[in-house]
Amino acid sequence: MTITVGLLVNPVAGLGGAAGLAGSDGADVQRRAAQRGGVSHAAERATVALDGLRSMLSAHDAVLVVAPGVMGETIAAATGLDAAVLDVPVSTPTSAADTTRCATAFAAAGVDLMLFAGGDGTAADVARGCGERIPVLGIPSGVKMYSGCFAVNPRAAADIARHFLAGRAAASAVPTTEMVEVIDLDEDALRDGQVRPRLTASLRIPVAPTVQSRKAPTAANVAEQAAAVAAAAADLLADGVPTALGPGGTTQAVADRLGVPGTLLGVDVVRGGNCDGSDSAGGGRLLAEGASEPELYDWATRGPLRIMVSVIGGQGFLFGRGNQQFSPRVLGAVGAANIVILAPEAKLAALGGRPLLVDTGDADTDALLSGYRRILTGPGQWAVYRVGERTDQHSTDQHQGAI
Amino acid sequence: MTRLPVAPKPPLRRFHQARWDEPIVFELSTPGSRGIGVPEVDPAIGATIGDDATLPAAIRRENPPALPELAQPQVLRHYVRLSQENLGADFNIDVGQGTCTMKYSPKVNEVVIRDPRLYDTHPCQDPATAQGTLEIVHRLERMLAEISGMDAVSVQPAAGSAAIWANVSMIRAYHASRGEGEQRDEIITTIFSHPSNAACAKTAGYKVITLHPDEHGYPDLAALRAALSDRTAALLITNPEDTGIYNPRIAEFVAAVHEVGGLACYDQANANGILGITRARDAGFDLCHFNLHKTFSTPHACGGPAAGACGVTEALEPFLPGPVVVRDDDGTYRLDADRPQSIGKVSPFYGVIPNIVRAYTWIMTMGAEGLREVAEIAALNNNYLAQKILQIPGASMGYPETDARIEQIRYTWQELTEQTGISTEQIGWRAADFGVHYWSSHHPFVIPEPFTLEPTESYSRGELDEYAAIIAEVAREAREDPETVRTAPHRSTVHLTGHEDFDDPARWAVTWRAYLRKYPGAGVRS
């Protein structure tokens, strides 16, 4: 039987990330993002995934079907892979409706698996088009990726797809799929500082251990622990070093503690309290609100800058999800020693032993951030936890002397 | 064929816990009731010292204490009823409270401690008149030194955590004596170590660094190396950890800590499976501790009084809590308080003497070979119970690819929870309906939906079978009748209670006075 693989790329996914706009949904935001120098990496990420599928496609005589134009066709052409193009009209610039229309067509064509490059907004548009009729898998390329349909990085997407399609081709073992929820945050509410996760739809994805889990709900005691972490973090900031606070509730709590307004899903540069003799609670200063990548690079190269980030829910991501403003050059200029990671113990425990993840898009930067790192878990307490690639490099033969 | 006139018993016992609806003792108070009728002052004495001069004025209360007023039989019934509303170690197959080593506390030891030569002594009397008690303290310390391999031991701490606290205090005093007290401000522990390690270090003002395990559940040597520095005061580590996994590279851990000038402190809360098999000193540790209520059979009571022991090398001996019991060449025992580097007292007087005597008696009745047999049977029982538990659909071990477990296992219901929505807490509440205690694990839940079973050496094969059958039955109910599990307990003293009440400090009333203050009028019985 012939295997067919679909590819759908949202060419504006992630546009608002490096521009500090907390998302890229809607034409107006996309225009503003482009003005602020925002760039989408969806095409490169889709290319990495396609490269990972190349040998599998030829080995099984599989057919690659792509969406028209910048939504797939031009990317496939650039990789030199033969591809059939969906016969669906696509507007210029592309819109959410195009994504939905293409997804509907892929379902009608009955592809064995459709890969799509985008974020939570794209996932919602895909679900609107194909529902649960065909298995799909997200190549992470958006700003927000809270949904459970994304692989941890483009290469992992290729690995899962390869494994899944090989199972289909062999028809020996029935490849299994599972339903996952598509979650999107209301971007307008986010810009107003409120997290309103919405469960928008569900999708069918191949079962694989490396698929990002849905962001875990926050229990009450986790919230208390987060407050303790924030208190400890605010104390660290008393040295007066300008600090870029990453997105998320934990870092927002740090800003609250310093008495400065913060952007929940953006990066704010702040200075801690106490350095001008004021009380440690409050007394902080907001130096830059919703900073973009170029602004952060400017801060990092002009003087010492500290980066403070928290762990993103059940996924364990530190960089590359929702905080693309921290680009490889920004992280390189700041240096690994000046990056403080915050996480309540319960959040680390919920990772089930999986390492914390970085996916900056640059292998050298990822390597620089990897290894055993101290995580601030509360006042006067740290955890030492592994940060790394999803594939475990840890030796497995060292415990053979166990009794 | 003749048939029994009654139906045969079902496979599981039809347990129902006593439910007395018993008020708290303050609410039972009847003004004027007395437990003891104190006789009037003898006229001859009264004539000599005056009628109301029973106590010197300086120690007489101006107002009588606000104690409940009850006669003896009411007091007896009250407390017997409360005792029936417990799932205590004396009548339940208490293997569900893993990490706590709920072994049998022999009743004969209660007879021993009631010997008036012990019972009627006072800690302030002249040591010359308490030679027997001091000899037992000294001999127990020497036996624990032999068991651990350490040079010196103190049984002064009044609990396991008090012993860990004493160890942390000695670590601090040791570094201070070398001029490194300020510099070495970090203590390292692991997430599966006894949580008292982190707690005691924190209480002593240390920064605490917690290591997470590797993917096989072992403490991670690479993580330790990443945490070590010239700021390291000590490593506080439990082995086997609360997962039941023994760290075979423990000597390398100790060596790595020594390389940076830190001390290595062995938490022996989980010593029951290694008695007579491994020793703290042989792995290079500088300090260790035991919970006498775990490994050495003294009763757990209800959070105490317990007894702990600290063991140290010669280098740390000057810092031991004081005074210490020493044996002079002529065989007499005395208390030596002239120890300038000692961290001082960590409990009133010289420790919890009844528990010290119980532990001493237990070791003497077991003998050296018996101690090793304890460890072997505890490990065998654990393996036997594991085979039973792992047959239950939905139950598995944390880190299943790591086979070796010593005396306990942290299991997981992850699969059952995913399939049924029933959590480990709910399984515990339902287990109470069958008359057994069940516990999950310390927080955070690193192993999802955990439960921790430690059968010790005290339970028979039949009892382990019964416990496993109860857990299997609750797991079956989770699939076939989840509502019964979700709404449990049904046959217990109390029904399902709301957790939110426990999460809100504003609603806590931990004393009668706080209760009256927070809930005016609540203490008045209509």
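Which residues of strand β13 (residues 339-342) of chain A point one way, and which the other way? I looked this up to open the notebook: Ile339(A) and Ile341(A) point one way, while Val340(A) and Leu342(A) point the other way, and all are buried. Buried here means under 20% relative accessible area, exposed means over 50%, and partly exposed lies in between (1.4 Å probe, protein chains only). Helices (H or I, at least four residues) and strands (E, at least two) are DSSP runs, numbered from the N terminus. In a regular strand the side chains alternate between the two faces of the sheet.

**Ground rules**

I am working with a predicted model, where local features need pLDDT of at least 70 and side-chain atom pairs count only at pLDDT 80 or more, while totals for chains, interfaces and linings use all residues. Residues are numbered from 1 along each chain as its sequence is written, chains are lettered from A and ligands numbered from 1 in the order in which they are written, and side-chain values use heavy atoms, with hydrogens and water left out.

**Neighbours of β13(A)**

I followed β13(A) to its partners; two strands pair if DSSP finds at least two bridges between them. Strand β11 (residues 306-310) of chain A pairs with β13(A) in the parallel sense over 4 bridges, and Ile307(A) has Ile339(A) as its bridge partner.

**Chain A overall**

I noted 14 helices and 16 strands in chain A. Of its 403 residues, 56% are buried. Contact means heavy atoms within 4.5 Å. Among the contacts in chain A with a separation of 6 or more, 68% are between residues 24 or more positions apart.

**The open sheet**

I traced an open sheet of 5 strands in chain A, in the order β3-β2-β1-β4-β5, with parallel pairing. Why is one side of β3 (84-85) and of β5 (136-140) of chain A left without a neighbour in the sheet? Both stand at the edges, each with a single partner strand, so one side of each has no neighbour there. Strand β2 (residues 63-66) of chain A pairs with β3(A) over 2 bridges in the parallel sense, and Val66(A) has Val85(A) as its bridge partner in β3(A).

Helix α3 (residues 42-59) of chain A lies across β1 (4-9), β2, β4 (113-118) and β5 of chain A, running at about 170° to β1(A). Helix α6 (residues 120-130) of chain A also packs on the sheet, touching β1, β4 and β5 of chain A, and its direction makes about 150° with that of β4(A).

Within α6 of chain A I picked out Thr122(A). Thr122(A) is buried, at 4% relative accessible area. Not counting residues up to four places away in sequence, Thr122(A) touches Asn10(A), Ala13(A), Thr99(A), Phe116(A) and Ala117(A).

- I found a cis peptide bond joining Thr92(A) and Pro93(A), with omega about -10°; Pro93(A) lies in the loop between β3 and α5 (96-109) of chain A.
- Another cis peptide bond joins His443(B) and Pro444(B), with omega about -5°; Pro444(B) sits in the loop between α12 (424-431) and β12 of chain B.
- Asp61(A) is not a glycine, yet has a positive phi of about 55°. I placed Asp61(A) in the loop between α3 and β2 of chain A, where Asp61(A) counts as exposed at 64% relative accessibility.
- Asp21(B), also a residue other than glycine, has a positive phi near 50°. Asp21(B) is in the segment before α1 (43-49) of chain B and is exposed, at 71% relative accessible area.

**Tyr459(B)**

Buried or exposed, I asked of Tyr459(B)? Tyr459(B) is buried, with a relative accessible area of 10%, and is placed in the loop between β12 (450-453) and α13 (461-480) of chain B. Leaving aside neighbours within four places in sequence, its contacts are Asn92(B), Ile93(B), Asp94(B), Val95(B), Met102(B), Asn381(B) and Leu464(B).

Technical notes:
Axes are lines fitted to C-alpha atoms, for helices over the stretch in contact, and angles run from 0 to 180 degrees between N-to-C directions.
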